[in-house]
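Subject: Structure for you to look at

Hello,

Here is the structure you were going to look at. My notes on it follow below.

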Amino acid sequence: DWSYMVACAPYWQSHQAEVHPTVQEGFTLRGDVLDGDFGIMGRGDYFWRPGMVPHGPMFSHHGGLFFFRTKGGSWELELSDVPEWKAMVEEYKNREPFFTIP
């Protein structure tokens, strides 16, 4: 099992979906991120998902700081292409952020 923090810079993006074989949970400490069809995470948001659930593409307006944990093994990653990633990311990029970063 792993616990780790991840940070991303403003306008960071990933056009692929991620899949992890272990349970993953995460908490947004600061910033924002679009996580594909799962929606937008902002400061204070939490998620839990079972292993082998694809998620992505991702984009962040303001950058972010996130705390993650895995359960059931180490953190492993497989990537797959998301054909509609450009449209998903562009739609989020063109939205006004629904929160402000202090």
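Lys93 and Glu90 join their side chains in a salt bridge, 3.5 Å from N to O; the term stands for a side-chain nitrogen of Lys or Arg within 4 Å of a carboxyl oxygen of Asp or Glu. About one helical turn separates Lys93 and Glu90, because they are three residues apart in helix α1 (residues 85–93). Helices (H or I, at least four residues) and strands (E, at least two) are DSSP runs, numbered from the N terminus.

This is a predicted model, in which local features need pLDDT of at least 70 and side-chain atom pairs count only at pLDDT 80 or more, while totals for chains, interfaces and linings use all residues. Residues are numbered from 1 along each chain as its sequence is written, and side-chain values use heavy atoms, with hydrogens and water left out.

The count of salt bridges comes to four. Another of them pairs Arg69 with Glu25, with the closest N and O atoms 2.6 Å apart. Arg69 lies in strand β8 and Glu25 in strand β4, so this pair ties together parts that are 44 residues apart in sequence. Glu25 is buried, at 16% relative accessible area, whereas Arg69 is partly exposed, at 39%. Buried means under 20% relative accessible area, exposed over 50%, and partly exposed in between (1.4 Å probe, protein chains only).

Lys71 forms a salt bridge with Asp1, the closest N and O atoms being 3.0 Å apart. Lys71 lies in strand β8 (residues 64–71) and Asp1 in the segment before β1 (3–8), so the two tie together parts 70 residues apart in sequence. Lys71 counts as exposed, at 52% relative accessibility, and Asp1 counts as exposed at 54%.

Regards
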